[in-house]
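Welcome, and thanks for taking a look at this one with me. Here are a few points to read alongside the model.

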Amino acid sequence: MSEGIVLAPHQLCSNEKAIELHPYTTTIPRAATSDFGIAMQKSATATRSHARIPWPEWCTLFAYAALVAFAIPYHEPIPDEAQAWQLARTLPLTSLFKTFIRYEASPGLWHFLLWVLVRAHVSYAGLHWICGAIAVASTALLVFKSPLPRYLKLTLPFTYFLVYQYAVVARSYVLVPALLFMVAIWWKKRPLVVALLLGLMANATLHAAVISGGLAAVYVIEQVRSERIEDPANRRTFLLSSLILLSFYLFAIWTAWPPHDLMNHIAETRRLQSPSTPSFFAKFVVSLCMGICPKPWVLSIPFWFALAFCLRARHSLFYLLPVLFFAVFCGAVSCGWWHAGLLIPLVTCLLWVTWPASGIKVGKPEVICRIALVAIIGQQIVWSASALEFDHFNATSPDLAASEFLRPLVQKGATIAVTYFNDPYLHAYHSVGILPYFDHNIFLNQPDSFWSWSSNNPTEQLFKEALPSHPAVVVVEVRLPRPDSPISLMDPTAQILTQAGYSFTHMFCGTSSIGYIQEEKNCHLIFQRSVPFSYPKRAAPQTAAAAGR
């Protein structure tokens with residue numbers, strides 16, 4: 001009998017390939033045993049691999065992508081989306097960066113991306129799908145790479161700013177979550193990559209630039225505390241990273257540095273707002289609250305205490321420096337609720353970087369912080385549902401409907417002028433939202449295919465000069481504080497148009513929502529000197545009688 005291994009009878013049954021045995025022995029050859037073991041090992045490996053597939057993460061990513069894809073077709077772009085698109089669409093790259101971006105009070109990374117997309121023949125509608133893809137990629141980083149427990153990382157993507165404001169709305173803020181999550185991934189690995197990511201973030205928006213500066217300060221403190229900087233090789237890498245980051249910061253400052261005539265416009269706006277301008281402290285507090293929990297906003301305060309309590313227990317309280325930088329900047333300059341939402345991905349990044357290693361006992365500060373996070377996430381998800389439902393069934397912008405109404409007039413060569421009712425801050429800015437739907441500037445009194453924030457903007461003066469020539473259509477921009485606010489046709493501009501032989505014929509309105517309530521209403525009022533055309537059904541406008549409702 002050849003040398004072999006004796007098996008018990010119950011070991012002879014297997015789903016693997018059959019092994020021929022001598023009828024009078026339970027001994028099998030060693031070669032056959034080797035094949036048998038390899039097959040069993042492959043089967044066990046495949047089983048373990050199948051068990052390790054992160055199905056909850058994949059399901060979350062699929063649900064997130066489906067929700068964003070469902071929301072995008074029903075979203076009407078707002079003027080802020082149109083303004084950046086029009087700048088990138090109509091200007092050469094040198095003029096864009098040397099002259100015009102600085103009027104936007106923003107660095108130029110987003111405008112550069114749009115400039116590339118326009119030259120790649122991406123449409124205005126296609127831009128929103130690209131933004132959705134960026135948001136899906138950000139969510140993939142969060143759910144697959146972060147150390148957060150599943151009850152946090154699988155629910156955070158559905159918070160208001162991550163699923164709607166920084167995904168469906170095509171603005172520069174869509175870049176920030178992706179950059180913050182990549183910073184968290186590389187934070188403890190590659191200083192050069194961290195410097196590159198922080199530099200790109202600084203060129204996305206001014207508020208993101210402030211956050212980038214805060215994170216850079218935290219990184220320096222972390223390097224000094226860990227004494228890694230004392231190693232000569234690490235010191236050289238750190239200095240090179242610092243030079244790269246400083247170059248990005250200087251470029252962002254050069255791009256966004258405001259020109260003199262923009263400062264005049266800002267000064268005039270602040271003078272008009274001076275009786276109601278909130279104090280530094282008020283803006284400081286509001287910036288920390290309205291993006292976390294908009295209603296009631298005071299619930300945001302316990303959250304920040306819980307977060308500080310948690311980071312202190314982790315010996316990482318200084319990681320709140322980016323939040324402090326952000327709030328100080330908001331208090332000194334300005335902060336909208338769309339800016340305040342940047343704190344959601346920022347807090348996620350900070351918790352990601354400082355998250356305790358597995359196996360460490362969870363103390364009371366951790367438990368309190370996680371409970372606070374769950375409460376905020378739950379509230380934000382309700383906010384998301386409200387925003388998505390409102391955007392689905394209501395017009396957040398009147399631009400698309402107004403453009404469809406105006407298209408047959410433009411095709412017939414009608415002259416169109418633009419003006420505004422009493423709005424000393426924005427003037428006729430909202431008219432820019434109509435322009436992406438045409439291949440040229442349709443307003444005879446607006447010199448450019450975008451809005452100029454210069455104090456020397458001649459649009460209104462050119463309107464007064466053009467009115468005696470009787471343009472066929474006058475589009476009047478109106479901004480109201482509430483959705484139910486009536487439009488007064490007793491405005492001096494309306495009276496001038498009536499005396500010039502114009503009639504108010506149609507109105508297109510859109511309403512924006514903040515939190516759970518609808519806030520500002522923007523309208524395009526149409527004044528004409530002739531009988532209106534037969535309008536397309538899809539662009540069926542409201543009648544003039546509806547203006548007073």
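The numbered points below go from the whole chain to single residues.

1. Some ground rules. This is a predicted model, in which local features need pLDDT of at least 70, side-chain atom pairs count only at pLDDT 80 or more, and totals for chains, interfaces and linings use all residues. Residues are numbered from 1 along each chain as its sequence is written, and side-chain values use heavy atoms, with hydrogens and water left out.

2. The chain as a whole. You will find 22 helices and seven strands; helices (H or I, at least four residues) and strands (E, at least two) are DSSP runs, numbered from the N terminus. Of the 549 residues, 48% count as buried, where buried means under 20% relative accessible area, exposed over 50%, and partly exposed in between (1.4 Å probe, protein chains only). Among contacts with a separation of 6 or more, 77% are between residues 24 or more positions apart, a contact being heavy atoms within 4.5 Å.

3. The second largest pocket. Its volume is about 490 Å³. A pocket here is an open set of points on a 1 Å grid over the protein atoms alone, where a 1.4 Å probe fits, with protein on both sides within 12 Å along at least five of seven lines; lining residues have an atom within 4 Å of a point. The volume is the space filled by probe spheres set on the points, which are joined across faces, edges and corners. Of the 21 lining residues, Pro73, His75, Pro77, Leu400 and Tyr437 are the closest to the centre of this pocket. Helix 3 (79-90), helix 6 (124-145) and helix 19 (364-393) each give two or more residues to the lining, and helix 6 has the largest share, with four.

4. Which kinds of residue line the second largest pocket? The lining divides into 13 nonpolar, four polar and four charged residues. Here Ala, Val, Leu, Ile, Met, Phe, Trp, Tyr, Cys and Pro count as nonpolar, Asp, Glu, Lys and Arg as charged, and the others, Gly among them, as polar.

5. Helix 16. The twelve residues of this helix (residues 321-332) should span 16 Å at 1.5 Å a residue, and the end C-alpha atoms are 16 Å apart, which agrees; the expected span is 1.5 Å times one less than the number of residues. Pro322, Val323, Phe326, Ala327, Cys330 and Gly331 are buried in helix 16. Their cover includes helix 11 (206-226), helix 14 (280-289) and helix 18 (343-354).

6. Cysteines. The whole structure has one disulfide, meaning a pair of cysteine sulfur atoms within 2.5 Å. Cys509 and Cys523 form this link, with S to S 2.0 Å, and it is right-handed, with 110° about the S-S bond. Cys509 lies in strand 5 (residues 503-514) and Cys523 in strand 6 (residues 517-528), so the pair ties together parts that are 14 residues apart in sequence. Both count as buried, Cys509 at 18% relative accessibility and Cys523 at 1%. Cys289 is in no disulfide, and the nearest cysteine sulfur, that of Cys293, is 8.8 Å away.

7. Two backbone angles to look at. Most residues other than glycine have a negative phi. Ala105 has a positive phi, near 55°; it lies in the loop between helix 4 (93-100) and helix 5 (109-119) and is partly exposed, at 42%. His315 also has a positive phi, near 60°; this residue is in the loop between helix 15 and helix 16 and is exposed, at 61%.
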